[in-house]
Amino acid sequence: MFAEILKKVVDNIDGSLGAVIMGLDGIPVETYTRQPDRVDVNTVGMEFSFILTQARKAADSAKLGAFEEMTVKAERLTLALRMVSPQYFLAVALAPDGNLGKTRFLMRLAAPQLVAQL
């Protein structure tokens, strides 16, 4: 079921390369990759799992409320990250010219479906 949700998100975004639902411990639950030769979404997600953990702690310390999402834009990749539960997040990798707005929208819609499966 996770794979179907990830596929629906990735395949409906121009420039999307792949997605992973992953624990903050860096262990992937499910991965879907449209262009595996361009990005290893498991490795990228694992690298950013630690940063998400730190961002979440910073939001808690500053009393900002629940940490929800973060975007990383690099020269060759844009990565959208969204917390779907206190321990799991969804990451979607995009080409630099990918549709980030639609990505964030579809991630927000997919989050309740993913939580229901966890």
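This note walks through the salt bridges, a hairpin, the nonpolar cores and a surface patch.

1. The structure is a predicted model. Read each point below with that in mind.

2. Salt bridges overall. How many salt bridges does a search of the whole structure find? The search finds four. Three residues, Lys7, Asp11 and Arg34, are linked in a network of salt bridges.

3. Lysine 7 with aspartate 11. These two side chains form a salt bridge, with the closest N and O atoms 2.6 Å apart. Both residues sit in helix α1 (residues 2-11), four residues apart. The separation is therefore about one helical turn. Lysine 7 is partly exposed, at a relative accessible area of 40%. Aspartate 11 is also partly exposed, at 28%.

4. Aspartate 11 with arginine 34. Aspartate 11 also forms a salt bridge with arginine 34, and here the closest N and O atoms are 3.9 Å apart. The pair links distant parts of the chain. Aspartate 11 belongs to helix α1, while arginine 34 lies in the loop between β2 and α2 (41-61), 23 residues apart. Arginine 34 counts as partly exposed, with 32% relative accessibility. The N to O distance of 3.9 Å can be set against the cut-off, which asks for a side-chain nitrogen of Lys or Arg within 4 Å of a carboxyl oxygen of Asp or Glu.

5. Glutamate 69 with arginine 104. The side chains of glutamate 69 and arginine 104 meet in a salt bridge of 2.5 Å, N to O. Glutamate 69 is in strand β3 and arginine 104 in helix α3 (residues 100-117), so this pair ties together parts that are 35 residues apart in sequence. Glutamate 69 is partly exposed, with a relative accessible area of 27%. Arginine 104 is partly exposed too, at 37%.

6. The β3-β4 hairpin. Strand β3 (residues 69-73) pairs with strand β4 (residues 78-83). The sense is antiparallel, and the pairing runs over five bridges. Four residues lie between the two strands of this hairpin. Which residue of β4 is the bridge partner of threonine 71? The partner is alanine 80.

7. The largest nonpolar core. This core has 19 residues. Leu90, Val92 and Leu114 have the most contacts inside it. Four elements, α1, β1 (16-23), β5 (88-94) and α3, each supply at least two residues of this core.

8. Valine 92 close up. What does valine 92 touch, leaving aside residues up to four places away in sequence? The list includes Val9, Ile13, Ser16, Gly18 and Ala19. Thr78, Leu79 and Ala80 are among the others. Thr103 and Met107 are in contact with valine 92 as well.

9. Another core. Apart from the 19-residue core lies another, of 18 residues. Its members include Leu17, Leu24, Val41 and Ala93.

10. Valine 29 is placed in strand β2 (residues 28-33). Is valine 29 buried or partly exposed? Valine 29 is partly exposed, with a relative accessible area of 34%.

How values were computed:
Residues numbered from 1 in each chain as written. Predicted model: local features only at pLDDT ≥ 70, side-chain atom pairs only at ≥ 80, totals over all residues. Heavy atoms only, no water. Pairing = 2+ DSSP bridges. Buried < 20%, exposed > 50% of the residue type's maximum accessible area, 1.4 Å probe, protein only. Core = buried A, V, L, I, M, F, W, Y, C linked by side-chain atoms within 4.5 Å. Contact = heavy atoms within 4.5 Å.
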